[in-house]
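Look over the sequence and the structure first.

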Amino acid sequence: MITIEQGSSLYYSLLWIKPDANERFVHRLNLIKSLNTTLDDVQEAQVAEQKIHWWHEELQRMCEGGARHPATTACQAEASALSGHATGYENHPFMAACLSLLSSVSNARFTPPKTLEDHHAQLIQNYTARLALLSHALSDNADDLNLQSHPAVAAIALAKHEQLIRLPTLLHRGHAIFSDDIYKAHNIGPSDLAAGVRVAPPTDEQATTKQASSVGGIPIVEDKPGKQSLLKAAIDDTLATFETSTTNNDVQARYKKEPLLPIWRLLVLRHKQLTLWQKKQPNLLVEHMTLTPIAKFFHAWRNRR
């Protein structure tokens, strides 16, 4: 269950909105998280197929008002209210956005991108669906569920940021993250990045029965220059994507107005965070770095309307 922590970027992005919109937004975040992480620990395609099938059925139950999962139960009032907007569930705007998100999750898990274009296509599909669901939560307007109404440049910026935030977790669970082209350009592979992820420290018994292979939970591995160059390139590339996104006329026209201002504020705060990362160059495999609460409030306040 997601809670908006005081002092977080989401907390400051959601300032100045009505309580009912805030509640819908949190419920929608929980639904998105449930769909987006459903295959995180799945290794076998058959198991993944079963889980995807269950979610298809659950999303249909949600639109009919009979949801079972806590995340769909919390959203079923808004979903079922839209049942009259389409004939057949394949055309239901709420379900269409959820299915697009679920499809992107399946593709990313079992069809690792070979090229940069494949990588971008997966990211755009994933986060366009999220933007549609979150925008509808803020506006309660069915038109905001139209996937085509959300600029791809905003979707890919937010998607790249989330990949960097979740980098250790995703690598640890066997996700490729970057395309084959990117790994080849830096002469490393996903396993090289995963080897540098912080792990749980050994128990006393483990420490006495075998030679320590980590310091402070960070594995002792042969460092490869390509790891740091890839991380630096990823930060630079994501920052450039945010710079393009926040200056894009379509993005500003779409989100820099009520009731979607929280999404615009989130774009701004993520942009500022990437600027900090480029300056400080944190090792994203083992640490995070964020703006101070005062800085977040300042940038959110400047974009409050």
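Helices here are DSSP runs of H or I, at least four residues long, numbered from the N terminus. The model is predicted.

**Open space**

Rolling a probe the size of a water molecule over the atoms shows where empty space is left.

| Space | Volume | Lining residues | Lining by class |
|---|---|---|---|
| Largest pocket | about 1,000 Å³ | 38 residues | 19 nonpolar, eleven polar, eight charged |
| Second largest pocket | about 200 Å³ | 14 residues | seven nonpolar, five polar, two charged |
| Largest cavity | about 360 Å³ | 22 residues | ten nonpolar, seven polar, five charged |

Take the largest pocket, with its volume of about 1,000 Å³. Ile-2, Leu-10, Glu-162, Ile-165 and Arg-270 are the lining residues closest to its centre. Two or more lining residues come from each of these helices: H1 (9–13), H2 (19–36), H6 (116–139), H7, H8 (167–172) and H14.

The second largest pocket has a volume of about 200 Å³. Nearest its centre lie Leu-116, Phe-178, Ile-182, Ala-234 and Asp-237. H6, H7 and helix H12 (225–246) each contribute at least two residues to the lining of this second largest pocket. Which helix gives the largest share of that lining? H12 does, with five residues.

How many cavities of 30 Å³ or more does a search of the whole structure find? The search finds one. The volume of the largest cavity is about 360 Å³. Among the residues lining the largest cavity, Ala-108, Asn-126, Gln-163, Leu-170 and His-175 are closest to its centre. Helix H5 (93–110), H6 and H7 each give at least two residues to the lining of the largest cavity. H6 gives the most, six residues.

**H5 against H6**

From H5, the contact uses Phe-94, Ala-97, Cys-98, Ser-100, Leu-101, Ser-103, Ser-104, Val-105, Asn-107 and Ala-108. From H6 come Gln-122, Gln-125, Asn-126, Ala-129, Arg-130, Leu-133 and His-136. By class, the contact of H5 with H6 has eight nonpolar, eight polar and one charged residues. Two of its residues, Ala-108 and Asn-126, are also among those closest to the centre of the largest cavity.

**H7 against H14**

How do H7 (152–165) and H14 (261–280) pack, and at what angle? The angle is about 50°, and the axes are 11 Å apart. That makes H7 oblique to H14. H7 passes H14 in a left-handed crossing. H7 brings Ala-154, Leu-158, His-161, Leu-164 and Ile-165 to the contact. H14 meets them with Leu-266, Leu-267, Arg-270, Gln-273, Leu-274 and Trp-277. This contact of H7 with H14 holds eight nonpolar, two polar and one charged residues. Ile-165 and Arg-270 take part in the contact, and both are among the residues closest to the centre of the largest pocket.

**Backbone exceptions**

Most residues other than glycine have a negative phi, and most peptide bonds are trans. Two places in this model deserve a look.

Which residues does a cis peptide bond join? Glu-258 and Pro-259 are joined this way, with omega about 0°. Pro-259 sits in the loop between helix H13 (249–255) and H14.

Trp-16 has a phi near 70°, a positive value in a residue other than glycine. Where is Trp-16 found? Trp-16 is in the loop between H1 and H2. Those two helices each give two or more residues to the lining of the largest pocket.

Definitions and conventions: Residues numbered from 1 in each chain as written. Predicted model: local features only at pLDDT ≥ 70, side-chain atom pairs only at ≥ 80, totals over all residues. Heavy atoms only, no water. Axes fitted to C-alpha atoms, helices over the stretch in contact; angles between N-to-C directions. Parallel < 35°, antiparallel > 145°, perpendicular 65-115°, else oblique. Left-handed = near helix turned anticlockwise from the far one by under 90°. Contact = heavy atoms within 4.5 Å. Nonpolar A, V, L, I, M, F, W, Y, C, P; charged D, E, K, R; others polar. 1 Å grid on protein atoms, 1.4 Å probe; cavity = no way out; pocket = protein on both sides within 12 Å on 5 of 7 lines; lining within 4 Å. Points joined across faces, edges and corners; volume = space filled by probe spheres on them.
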